[in-house]
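User: Hi! Could you walk me through a few packing details here?
Analyst: Happy to, let's take a look together.
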Amino acid sequence: MRSVLKLKKKVSPPWKKYRSDMLKSFPSPYRGENDSLADGISDAIRELDRLKPEKTGGAAFLGTNSKLTIPFDTIKNSKLNQKMNSSENVIKQVIKLFEGLPNWGHPLTMNNVNPQGNSAAIVAAILTEVFAPNILEGEYAWNTHQAELESGGILANLAGWEAAKSGCVYTYGGSGCWTYHLKYALTRVLPDSRKKGIRTDAKVICSQQAHYTMLNSTDWTGLGMDNIILIKTDRDTNAMDTRHLEEVLKKCQTEKIPVVSVVCTMATTDANAYDPVEAVRKLVDKYPNPEGYGKTLLYCDSVIGWSWIAFKNYNFKSNPLGFSEEVLPYIEKNYNAIKGIFFADAFAVDFHKTGFSPYISSVFVYKNALEFETLLSRGTSAYLQSRSPYNPMNYTLEVSRAATGSMAGWATLKFFGHEGFQSVLGGILENKVYLQNQISENSEMICVNPFDYGLVTLLRIYPKDVNAQLQFHRELKDPIHKSELVKHNQFTESIGNLLFEWFRSGKKINGHCTPYLSFTTGFRCTEYNRDQKDNKAMLYAIKLFPMNVYITPEIMDHVLDCIVAARDEVISNSDMRTHEKK
Ligand SMILES: *Cc1c(COP(=O)(O)O)cnc(C)c1O
């Protein structure tokens, strides 16, 4: 009896075995050669890299199978495993999930403002996962807080603000920045709203081109989506029409309706529209809110356009980086448009868009730190002590915040500097101008946004022997040609869909894989449909965003060849169908 008891004592319980097995799956707290994490990361990245294509050519997605393989019908029936797995095994499963994902760094990826992240930012972001600072407050962030504080300083300086008095918070996307601005504005204009709730139908004013995230923010803050007023936009520039804005502000003032904020969108994705911030500022100041309400906030949703501010000190006359004469005026226009953020109370930056950083690295930058941080302050928490002068959790939406975004954004600022940003952005326009020139050599194609100085090229391609210039202008101007417009819109859509299918199936044209592009079903309306009441009288176009640093003129030539080939196949397929019908 005694000996049995003794024996039992000696056998270690299974949970202890699990714990000791787990040690290999947690990073070692000590310096040394056998850190499972260091080896794990390096092995996993090498393994992930094997999903990339050969340099000699391969499709713009990872791996070999581009099909969606998730069993959507059954996947939610999953249950937790009984036994513990090994982390190597799990990492293998993780890597498998990357199969088929678009390869953002591939020179044939041109579908949207989806640039590949730079390595400094990716590594910086990964490191914050290893030692997980929590940037909610100083004790858990310690020196890593420099990333957020210094980003705020650099960005405020770029905007021309007094940096020491400004501030920023990294948050969950351009949509998070929109929500931050709205909360700031609501608190400023309706001071009671923090405690009593929003009891006034105050208005948020933005342009017809504003991003749909305006719906998220007005909905989730409880202000209500019906309290958005959309201002008309100029039919050529797509910028906010300040006359209409003035009418609306005047009307609100007369009717004693408070305006919470006016939002200037600073570059829309497709039209590269910038709202005129300086003029908007004058109007906002001219029509103050009725007595009893705070001052209207002026916000710039500059998540796409912000990085052109890096041209702040560029000498456009001596052109030290040697941009081409065609491109230089475009750059200057973008810079002149974005520098209006100076007049705002707050603006937003998406490093994951035009900052070539990984997700999510968005930052909300405000001019008056004292005002923002006091207005939204909630007092300290009982279980966290202030160990540093900087404790943003007292006014942020989030409680815990990962340092991933702040470190990636900061690393990007440190990496590029003015000239890095200038070269990466100017280079996109060099590629775009090259592309536009090539398009103009082909009479069956037309670039339909030739005066747009943004990142995207929109093109329409017509059936063989159709003069694209002539046909496009007919379709744009004259309702007599509406049936042709509709037919060619469908044609554009078919070409866009075929190109997507080709990209996904690894199809080759002239021995090379085909590009990952996208298309729009309404980058603008026809001239006879300015009120956009007729949803058929809209213009479709193929979209190309040559964002990526691996793109060359040869790649652009190949992309145009692929578009022509897709056009030809769409025609021969539809010919076949008409024959079959006969
Ligand atoms: C992308 C975008 C947003 C939303 O930003 P996320 O980072 O995707 O959350 C908001 N506004 C504009 C103008 C955008 O282009």
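This is a predicted model: local features need pLDDT of at least 70, side-chain atom pairs count only at pLDDT 80 or more; totals for chains, interfaces and linings use all residues.
User: Is the crossing of α8 and α10 left-handed or right-handed?
Analyst: α8 passes α10 in a right-handed crossing.
User: Nice. Which residues make the contact?
Analyst: From α8 you have S175, W178, T179 and L182. α10 contributes T213, M214, S217 and T218.
User: And how many are nonpolar, polar or charged?
Analyst: The contact of α8 with α10 has 3 nonpolar and 5 polar residues, with no charged ones.
User: Switching topic: which residues touch the most other members in the largest nonpolar core?
Analyst: That would be V262 and F364, in a core of 107 residues.
User: What is V262 in contact with, leaving aside neighbours within four places in sequence?
Analyst: Its contacts are I205, M240, L245, L249, V280, V284, T296, L297, L298 and Y299. Another core, of 33 residues, lies apart from that one, and its members include C447, L459, L544 and V559.
User: Last one: is N431 buried or exposed?
Analyst: N431 has 11% relative accessibility, so it counts as buried. This residue is found in helix α16, residues 404–440. Not counting residues up to four places away in sequence, N431 touches P546, I551, T552, P553 and M556.

Conventions: Residues are numbered from 1 along each chain as its sequence is written. Side-chain values use heavy atoms; hydrogens and water are left out. A crossing is left-handed if the near helix is turned anticlockwise from the far one by less than a right angle, and right-handed if clockwise. Helices (H or I, at least four residues) and strands (E, at least two) are DSSP runs, numbered from the N terminus. Contact means heavy atoms within 4.5 Å. Ala, Val, Leu, Ile, Met, Phe, Trp, Tyr, Cys and Pro count as nonpolar, Asp, Glu, Lys and Arg as charged, and the others, Gly among them, as polar. A nonpolar core is a set of buried Ala, Val, Leu, Ile, Met, Phe, Trp, Tyr and Cys residues joined through side-chain atoms within 4.5 Å. Buried means under 20% relative accessible area, exposed over 50%, partly exposed in between (1.4 Å probe, protein chains only).
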